Amino acid sequence: MALIEIRELEKRFNDQRVLAGVNLDVEAGEIKVVMGPSGCGKSTLLRCLNRLVDPTSGTIHFDGQEVTGPMVDVRLLRQKIGFVFQQFALYRHLSVLDNVTLGLRKLQKLRKPDAEEKAMAQLERLGMAAHKDKFPAQISGGQKQRVALARALAMDPAMIVLDEPTSALDPVMCREVGELIRQLNSEGVTMLCVTHDIDLAQAISEKAVFLNQGVVSAEATFAALANHDHEATRTFFNRTKA
Amino acid sequence: MVNGWMAFSRDLQEQLPLVLNGLIETLNLTVAISISGLLLGVVVFYLSTCRSALIRQVTKGYISFFIGMPLIVLLFLIYYGLPQWGVRMSPFTVAFIGFTLNVAAYNAAYLTTAFNGMDATELEAAHAQGFSDGQVFRYITLPQVLRLSVPALTNQVIGNLKDSSVAFLIQYTEFFARVQELAATNFQFFKAYLFAALVYLAIVSLIVVIARMIEKRICIIG
Amino acid sequence: MDMLGILQHLAGGVVYTVLVTLVCSLTGLAVGLSVATIRRLSGAPLRTVCDVYTYLLRGVPVLVLLFIVYFGLPGIGLKVPPLLAMALSLGLISSAYLAEIFRGALDSVDPVEVLAAQAMGMTRFQIFWHIEMPQMLRFSLPGMVNEFTSVLKYSPFAYTVGIPEITKEAITLTATTLQGAEIYLVVGILYFSIYRILLVGVRALERYFRVPGIASL
Ligand SMILES: Nc1ncnc2c1ncn2[C@@H]1O[C@H](COP(=O)(O)OP(=O)(O)OP(=O)(O)O)[C@@H](O)[C@H]1O
Ligand SMILES: [Mg+2]
């Protein structure tokens, strides 16, 4: 069974049908890339996973458990899914180290030294240990994204979800973050990544899922997507390539 | 309780001319110090942008001192202190002078804050075009700074209205003083003061509405 | 009497002035924080209650509210001691101003950070306590300083309810010596000094809590 199984997921905002029956699996250990035009509901899809957005209908199974019902412990679910945002979303009043330890101390109730030890391990893994006492305003965008990743990883999540992790970064840093994602995946971290950035997509995966008009309209290798029967898919992957 | 209200409203009706008179005095003082405080505030602000370091230092001291000193102390100094040196003035004059000095310091501070947020290149451009310091101040700095400060300046007017109640402590028979007299005739202090509070609240609301309208107008222009 | 003699006479009042200022500032801070918190964490009805509270208290002169509390409430059977009367008038009015300052500061907290905390699995209250409030306090520092100085400057009203602070002492002294000019000059200088000392203290606090990248509003 896949780590995540999304079936016929639907989300309406008022009368706008943003997700119209999405089906998607994410296997443990894999890295799945979702692409699609702006406003097609990519962020909404990710937010349904940890219930930042409540789906209108359909089911999501996470690790075999249904997550859409009212009986689900949403906060526990959220702790198991590490979320990384486009705008990094570091807490700007906290140092790099405190950004990583906050969840460990307040959610996992670790003692401060234990939390710091665990946090430092992640910061070292991502090459940010030397910057632990700096504040978000004092580090670059790429470094912020590393801290955001460390913050998510420190909680020992079952998977990491990334919403356009590079769109606020310059090209060099994009490549850096791409390498990082690949490295983490090779170390066994399951990832679901939404992106506009075809270079990033190709750097971290062979295949991509194309989300269009509220449904998954294709899932294939980049070459296949660029020569897809479906016109919209073909156009999207040829345009983004150019 | 009901009797109390009836006594209160009867006395209020009886003394209404006096109370209204007090209200007019309050509004008089508020309008007078709002205008004089703004004018002096602009002057102080102008001096604080002056080239002479000495003048700048003095105006800075002025602003800091009057912001750091309670208004009531200033009023007492002028009203109870100066007669010792032969300077005697009516309560209104004392209130007018004391408030003006105080309000001007605040207004100058608001204008300075707005000035610090201004685009410096705009001023340089004006100087480069050949405008004199005075012209740059009049045609560029002041209009912009005033516009940016409208919310702070209107808040100051509201503050002036509320603070004008302090003037009764130097025997100026404004609204609150009249309400005291009213309360003293029937000992309905709670009702009288509550009535005063509601009147102040109503006038404050009126100023807020007017200020909103001014802000909207200015937004459309700028 | 020379300036030094006057100063000695007034010194006793300084303690009361500082006491009144502290009590009213702390009342304002505690209530203002509570109002801002309730407003942020609750639904429409309570939020309206908070807004009405701040509107009403910012529309009433300090002196008028003080008289309501101290001279008015006994008429309906509630006797309020002078210091408490100051807290319930000046303190509550400053709480309304502080609540407004906090509201503005909360609006500058980046919503994405709140979303990230939510995605991490924090409760609404944890988010407020660990993310929003620490940032809010830093953003509002200048406004808070203004408010505390304003409390200091309204503290002389305490003389009207019989608290022997600086102004009260000055009135008494003026009555006996008839040296109003010197006395009120000294009073002014005293308040100004307290104000400057307060500022120095706040600056030190600000330096201690300063975080790079969070400018005060
Ligand atoms: N809370 C909301 N209320 C109403 N409409 C919403 C809400 N959130 C998203 N939408 C709408 O849903 C649609 C999909 O939004 P979403 O953010 O998921 O798109 P996206 O694919 O992530 O776009 P982008 O690539 O620009 O990030 C948009 O049309 C958006 O306006
Ligand atoms: Mg998006």
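Which helices and strands each supply at least two residues of the lining of the largest cavity?

Analyst: This is a predicted model, in which local features need pLDDT of at least 70 and side-chain atom pairs count only at pLDDT 80 or more, while totals for chains, interfaces and linings use all residues. Residues are numbered from 1 along each chain as written, chains are lettered from A and ligands numbered from 1 in the order written, and side-chain values use heavy atoms, without hydrogens and water.

Four elements meet that condition: α2 (74–80), β6 (81–84) and α5 (141–154) of chain A, and α5 (111–120) of chain C. Helices (H or I, at least four residues) and strands (E, at least two) are DSSP runs, numbered from the N terminus.

The search of the whole structure finds 1 cavity of 30 Å³ or more. A cavity is a set of points on a 1 Å grid over the protein atoms alone where a 1.4 Å probe fits but cannot get out, and lining residues have an atom within 4 Å of a point. The largest cavity holds about 120 Å³ of space, a volume filled by probe spheres set on points joined across faces, edges and corners. Its lining has 13 residues, and those closest to its centre are G82(A), F83(A) and A152(A) from one chain, with A119(C) and M120(C) from the other. G82(A) and F83(A) fall within β6(A), and A152(A) within α5(A).

As for the chains, 2 pairs touch, and chains B and C have the most contacts (heavy atoms within 4.5 Å). Chains A and B are joined by no contact, and their closest C-alpha atoms are 22 Å apart.

For comparison, consider an open space. A pocket is an open set of grid points with protein on both sides within 12 Å along at least five of seven lines. The second largest pocket contains about 770 Å³. Of its 29 lining residues, L141(C), M144(C), F148(C), V202(C) and L205(C) lie nearest the centre. Chain C supplies at least two lining residues from each of α1 (3–41), α6 (124–139), α7 (141–154) and α9 (180–209), and α9(C) gives the most, 8 residues. This lining has 21 nonpolar, 5 polar and 3 charged residues.

Notes: Ala, Val, Leu, Ile, Met, Phe, Trp, Tyr, Cys and Pro count as nonpolar, Asp, Glu, Lys and Arg as charged, and the others, Gly among them, as polar.
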